Amino acid sequence: MILFKLSKDLEDYSQKMRKSADFIGFVPTMGALHDGHLSLIVKSRQKCATTIVSIFINPTQFNNPDDFKKYPVTLEKDIYLLEKNHSDAVFLPTYEEIYGQKVIFKHYDLGYLENILEGKYRPGHFQGVCQVVDRLLNIVKPTHLFLGQKDYQQCMVIKKLIDLMPFHIDLIICPTLREPDGLAMSSRNLRLSEQQRKQATEIYRCLVFLHKHLSAGSLEPLKSKVKDYLTNNGFKVDYVEICDADSLISVSEWDGKQRLIALVATYVGEVRLIDNMLLNDSRIFE
Ligand code: AMP
């Protein structure tokens, strides 16, 4: 595995690999790697001759400075895991390497996606995501980009971003990997106490509950029931939503046919966790 710190070197490497007419798979991460991240690498290796992973904790996507400061860093272990899982290259840029000395931030027109769900509770978050992903994609110029369904709205935002890119990238959305008790794997799980870790499994149980109790007609009582349940069990809930799986617009009345996704964002203590589940169709947006 080759370790890159400079964009120019990675750009040259990726260009050389592309010249041999092979697919280049790219997996952007913020590190503290777990099996969810590694599953993206497995998918990339199945499809692409070269797999490049980046580890960069992007400050511009954190609306809460404390969350940024406390984001877990396990770099040595990450490099070991990447090597063990046969990544071809890892990019470990500094802030300056990504944004340069004089930062001029572009604004991305994300439409309503910017202000709903994660966008509503984390103002500026998706602009930050686009800033870093735009830069990374222009360095790596991958043929395939691997993202996790765990960050469903982020997948939709990045799909919008790559549609605007001057070169074609295939977006591959990979299923959410879970712990045996259902909790979605997340780097932030490392910040949970033993007690909070147990409590956090309720999020998955609530998604399963929504899946099980979905029926045509008004969805508001079901959403409220789950939100109240979480609140009464010590969670500080940002949202429990059922949305159209293609547009992410909230659905109040279900016709029994529309493809739906349930999404939850909640604090367990100080740690904010998100998860989602497709309710009536396993297809991810096209
Ligand atoms: P992060 O390091 O949290 O920015 O995540 C990097 C990539 O891994 C993103 O595309 C995430 O959606 C994906 N990812 C995070 N958690 C999981 C998971 N449990 N299963 C599958 N993919 C995941």
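The buried residues of helix α8 are Tyr152, Gln153, Gln154, Cys155, Met156, Val157, Ile158, Leu161 and Ile162, where buried means under 20% relative accessible area, exposed over 50% and partly exposed in between (1.4 Å probe, protein chains only). The model is predicted, with residues numbered from 1 along each chain as its sequence is written; local features need pLDDT of at least 70, and side-chain atom pairs count only at pLDDT 80 or more, while totals for chains, interfaces and linings use all residues. Side-chain values use heavy atoms, with hydrogens and water left out. Helices (H or I, at least four residues) and strands (E, at least two) are DSSP runs, numbered from the N terminus.

Helix α8 is mostly covered, with 9 of its 12 residues buried. The cover over these buried residues includes α6 (118–121), α7, β5 (144–148), β6 (170–174), β10 (260–268) and β11 (271–278); contact here means heavy atoms within 4.5 Å. The end C-alpha atoms of α8 are 17 Å apart, in agreement with the 16 Å that its 12 residues should span at 1.5 Å a residue. The expected span of a helix is 1.5 Å times one less than its number of residues.

Helix α7 packs against α8 (residues 152–163) at an angle of about 50°, and the two axes are 10 Å apart. Axes are lines fitted to C-alpha atoms, for helices over the stretch in contact, and angles run from 0 to 180 degrees between N-to-C directions. The two helices, α7 and α8, are therefore oblique to each other; angles under 35 degrees count as roughly parallel, over 145 as roughly antiparallel, 65 to 115 as roughly perpendicular and the rest as oblique. The crossing of α7 past α8 is right-handed, a crossing being left-handed if the near helix is turned anticlockwise from the far one by less than a right angle, and right-handed if clockwise. On the α7 side the contact is made by His125, Phe126, Val129, Cys130, Val133, Asp134 and Leu137, and on the α8 side by Gln153, Gln154, Val157, Ile158, Leu161 and Ile162.

Two residues of α7 were examined individually. His125 belongs to helix α7 and counts as buried at 5% relative accessibility. Apart from its neighbours within four places in sequence, His125 is in contact with Gln61 and Gln154. Gly128 is also placed in helix α7, and is buried with a relative accessible area of 1%. When residues up to four places away in sequence are not counted, Gly128 touches Asn58, Thr60, Gln61 and Tyr99. The C-alpha atoms of Gly128 and Phe91 are separated by 19 Å, and the two residues are 37 residues apart along the chain.

In helix α6, Glu118 is buried, with a relative accessible area of 5%. Neighbours within four places in sequence aside, the contacts of Glu118 are Phe126, Gln153, Tyr239, Ala265, Arg272 and Ile274.

Helix α1 (residues 7–19) has 13 residues and reaches 18 Å from its first C-alpha to its last, close to the 18 Å expected at 1.5 Å a residue. Ser7, Leu10, Tyr13 and Ser14 are the buried residues of α1. Seen down the axis of α1, these buried residues fall within an arc of 130°, so they line one face of the helix; the arc is that of the directions from the helix axis to the C-beta atoms. The exposed residues Lys16 and Lys19 are carried on the face of α1 turned away from its buried side. Elements covering the buried residues of α1 include β1 (2–4), β2, β3 (50–55), β4 (89–91), α5 (95–99) and α7 (125–140).

The axes of α1 and α7 cross at roughly 50° and come within 7 Å. That makes α1 oblique to α7. In this pairing, Ser7, Leu10, Glu11, Ser14 and Arg18 of α1 meet Arg135, Ile139 and Val140 of α7.

Positive phi values were also examined. Ala32, a residue other than glycine, has a positive phi near 50°. Ala32 lies in the loop between β2 (24–29) and α2 (35–47) and counts as buried at 4% relative accessibility. Phi of Leu248 is likewise positive, near 65°, in a residue other than glycine. The loop between β8 (236–244) and β9 (253–254) holds Leu248, which is buried with a relative accessible area of 1%.
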